[in-house]
Amino acid sequence: EAGYQTETPCDGYKGAYINEIAARVQAEAESDGVDLTALAHQDQGLNDDGEPLGEADTEVREEFRKRAVPMMFDEIQKSMKDFRVNFDVWFHENSLYADGKVDAAIEELKSRGDIFDKDGATWFESTKHGDDKDRVIIKSNGEFAYFAADIAYYWDKRHRAENSADVAIYMLGADHHGYIGRMMAMCEAFGDKPGENMQILIGQLVNVMKDGKAVRMSKRAGNVVTIDDLTDAIGVDASRYSLARTDYNSPVDIDLNLLSSHSNENPVYYVQYAHARSCNVDRNAAAAGITYEGADVSLLDTVADGEVLAALAQWPSLLREAGDLRAPHRVAHYLEDLAATYHKWYNVERVVPMELTDPEARGEQADAIRIAKAPEPARAAARLKLNDAVKTVIAEGLDLLGVTAPDKM
């Protein structure tokens, strides 16, 4: 709204940060000697119907756009970097039009016999490829439909000289189911395999809860919770983990009270604490002079040892499955199961032997107690190896989810 003091439209994007950007744009323009307000209100002239010609409107919008877009982009990139999301390629949609890629992609479809003209508009004959109706690409007024950029971007992604992709994976919002048909039709029209070269995932909405109620934390973004709000409230680790542990097909409920608590009910705390514990075992073992030397892994023969070994054995196949199914939540749930098994093992067995009192060393349970609490050197060294295997897997799993593995908590 540069230069115009107008109300946000009822379906407009409300949020104080829009006003912040507008103020920054005006300040930057003024320092460059451009008065956006004056530009907006200059005499625009009238057409034959007595309506403004709109030249100043176009000019002020262009002035505003060329300053605001880089500012917004900087904000997005900073938010992503802070959230530990690093993209190799940042892509501007308008470059597809500027570089002629939209025209080239439409020509490609035309050469394949999938473009026709009707009612003054240009259409993609998507029904030939399973869509429920054909789609307009260029409207009768000469404007491109949104879908034109989607076509060009997919073609570019598959065939550009650098960073071309065999597989294009799209994550669409919960209300975009209706878009899948035309996207897959376009994939097939280019000679690719729908579901293989193009894969579309539908993400559900995220509900942020506090004290059992939905919250609106943001003063800047109106009724929207931004990723920055979430990380300010519970930190990057808990934010990333809570989003990663829910299947993207399901709505995500984020409980702020739970995720900021130091309790076993908080899944990120529970998993990170297992890693911190395993590091503490290492420190205590080092202080007691216990190393891997002389380890006899055949002595990992107790019930608790067996449960940890069984959990660890599942890791390679689970990882492969999570990747194949695009299901990172499986990694999180596995880590929680491994942490539970490890905490149980930790509470029963020791790596560093403790001195047993006389009554503990006698009676029926004497052997079991001695094995659990006062392992001989070969067993203690083997247990250290088991401890460190858990430490490695938890650190690897958390790293894949972009979550830190602290060595002390």
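How many bridges join strand β6 and β8, and in which sense do the two pair? Strand β6 (residues 206-210) and β8 pair in the parallel sense over four bridges.

## Basis of the model

This is a predicted model, in which local features need pLDDT of at least 70, side-chain atom pairs count only at pLDDT 80 or more, and totals for chains, interfaces and linings use all residues. Residues are numbered from 1 along each chain as its sequence is written, and side-chain values use heavy atoms, with hydrogens and water left out.

Strands are DSSP runs of E with at least two residues, numbered from the N terminus; two of them pair if DSSP finds at least two bridges between them. M209 has D255 in β8 as its bridge partner.

In a regular strand the side chains alternate between the two faces of the sheet. Buried means under 20% relative accessible area, exposed over 50%, and partly exposed in between (1.4 Å probe, protein chains only).

H129 lies in the loop between β2 (121-124) and β3 (135-138). H129 counts as buried because its relative accessibility is 18%.

Neighbours within four places in sequence aside, H129 is in contact (heavy atoms within 4.5 Å) with D114, F124, A185, E188 and A189. The C-alpha atoms of H129 and G181 are separated by 8.9 Å, and the two residues are 52 residues apart along the chain.
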